[in-house]
Amino acid sequence: MINIVYMVLGGGQFVAQTISSAINKKNQWELYEDNKLNWLHRESLFEIDPSVRSVCSHEVFFKEVMKMENLVLITCNDIKDLKMTLKRSRYIDTNMNKSYVLEPRFRYHRELYNHLIDKKKDFFQLSYSDLWDIRSFMDTIKECMSFLQLPFDEEKFRDGHKKWIRSNIVHNKNMQGDKT
């Protein structure tokens, strides 16, 4: 089992989709081209490989994470990451889009990261900010695939990243348009 632990709105489903595409060879990135669907509903349409589990960090105890094998932690460790997450929460409709809800989850996520480091847990760290830059993403996802011993398909992953970024931009612009 591959386990992806992320902070809410932290790109965990996108990473799960990317890893799943390396396992099952399916290319489902066209779903990101339909920007009329609600973000969360659309993400539920992706077929995540059964060997991949993604979970928000606030849904699991530290001891559960310590038992996870093939752990990929999407870290959100600084104020820049928190601000990026808060910005994303404005255009992805969840019950987490209030700072008083998101900030404690951010602190919990950082404490989880610190716990894993203190306990010397073997895991792959994928920085949330790497998801937003194509070069950083490609370098990091290549290392992640190596960690998980999965094939790296640069063209497929680049295409998926491009569509995910574009969809985030469209959803953000649509939300901005709704406010004017």
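The axes of helices H1 and H6 come within 12 Å of each other and cross at roughly 55 degrees; axes are lines fitted to C-alpha atoms, over the stretch in contact for helices, and angles run from 0 to 180 degrees between N-to-C directions. That makes H1 oblique to H6, oblique being what remains once angles under 35 degrees (roughly parallel), over 145 (roughly antiparallel) and 65 to 115 (roughly perpendicular) are set aside. This is a predicted model, in which local features need pLDDT of at least 70, side-chain atom pairs count only at pLDDT 80 or more, and totals for chains, interfaces and linings use all residues. Residues are numbered from 1 along each chain as its sequence is written, and side-chain values use heavy atoms, with hydrogens and water left out.

Helices (H or I, at least four residues) and strands (E, at least two) are DSSP runs numbered from the N terminus. Contact means heavy atoms within 4.5 Å.

| Helix | Residues that meet across the pair |
|---|---|
| H1 | Phe14, Thr18, Ile19 and Ala22 |
| H6 | Phe137, Ile141, Cys144, Met145 and Leu148 |

Just after H1, Lys25 takes a positive phi of about 65 degrees.
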